[in-house]
Amino acid sequence: MMTDFKGPELHFYDLGKKVTAFSTTRKGGVSEGLYGEFNINPFCGDKLEHISVNKHALCRTLKIEESKLILPHQVHGIESRDIAKEFFFLPVMVQNQLLEGVDCVMTDVTGACIGVSTADCIPVLLYDPVHHAAAAVHAGWRGTLARIVRKAVRDMHVCYQSNPADLLTVIGPGISLDAFEVGQEVYDQFSHAGFDMNVIARKDEKWHIDLSLCNRLQLEAVGVKSEHIDICDICTYLHSDLFFSARRLGADSGRIYTGIIMR
């Protein structure tokens, strides 16, 4: 296995000088095949020795301890977890239990890297510069349908007294409207949940739904200012050479990690 690689090539976002926000790309790691090159997700079938090398390289690049890298096991739900200082003193087995079935992680701990894994689903980062708190949200179509981003904003208010109008947000790489074809049953679920289908959907041969726009509208509906929402506009399906896409590569492939660290 090659160990003298350059390290991960990251896509960064600007949320202020006190924050490092990023998404990993497929470049700069040691994973192979459909996991190549850079994957740190242990739940998608990649070799654990490759994941370990990649994680070490990421933490070295970010200048954080590996123990501070938070990676939940997501289940397309809406459960959130507050990562407090006490979390890092718990046994690893207990930490893993607390991160099981979690699709949103939040923290106000300086130096902790919280993030979510995606491969077409929509990653959303939230940062509160007033209370120096952050959240990372995994919003696939099921999470988007259940309005997980709206819940995350409300959970940040409960945990950290975050005001939605103060939040700075990023909607990271995910599948685009053009690439996200859905069946009638998925369209109907969004329609029955009260989404404005004239705004978020388009009919070609099949229905298409704009998940990034859905999440933007949710953020705006709970008081996040439109000028505080940065949509990176990278389609994972169309750019699967640089970002993992489960629809293009299959489920047994790598995952993008979109994370945020408060300095």
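## Terms and model

Two strands pair if DSSP finds at least two bridges between them. Strands (E, at least two residues) and helices (H or I, at least four) are DSSP runs, numbered from the N terminus.

This is a predicted model: local features need pLDDT of at least 70, side-chain atom pairs count only at pLDDT 80 or more, and totals for chains, interfaces and linings use all residues. Residues are numbered from 1 along each chain as its sequence is written, and side-chain values use heavy atoms, with hydrogens and water left out.

Leu126 has Thr169 of β9 as its bridge partner. The strands here are β7 (residues 122-128) and β9 (residues 168-171), an antiparallel pair with 4 bridges.

Thr169 also has a bridge partner in β13, Ile229. Strand β13 (residues 229-231) runs parallel to β9, and 3 bridges join them.

## The open sheet

Another set of 3 strands forms an open sheet, in the order β10-β12-β11, with antiparallel pairing. Its edge strands, β10 (181-182) and β11 (201-203), each pair on one side only. Between β10 and β12 (residues 207-209) there are 2 bridges. Glu181 has His208 of β12 as its bridge partner.

Helix α5 (residues 184-192) packs on this sheet and touches β10, β11 and β12 (contact: heavy atoms within 4.5 Å). The direction of α5 makes about 50° with that of β12. Such angles run from 0 to 180 degrees between N-to-C directions, with axes as lines fitted to C-alpha atoms, for helices over the stretch in contact.

## Nonpolar cores

A nonpolar core is a set of buried Ala, Val, Leu, Ile, Met, Phe, Trp, Tyr and Cys residues joined through side-chain atoms within 4.5 Å. Buried means under 20% relative accessible area, exposed over 50%, and partly exposed in between (1.4 Å probe, protein chains only).

The largest core has 39 residues. Leu126, Phe190, Ile209 and Leu219 have the most contacts inside it. Helix α4 (residues 148-160) gives the most to this core: 6 residues. A second, separate core has 29 residues, including Tyr13, Ile70, Ala119 and Leu249.

## Helix α1

Helix α1 covers residues 48-62. Its expected span is 1.5 Å times one less than its number of residues. For 15 residues that gives 21 Å, and the end C-alpha atoms are 21 Å apart, so the two agree.

Among the buried residues of α1 are His50, Ile51, Asn54 and Leu58. Strands β1 (10-13), β2 (19-24) and β14 (256-262) are among the elements that cover the buried residues of α1. Lys63 follows the helix, with a positive phi near 60°.
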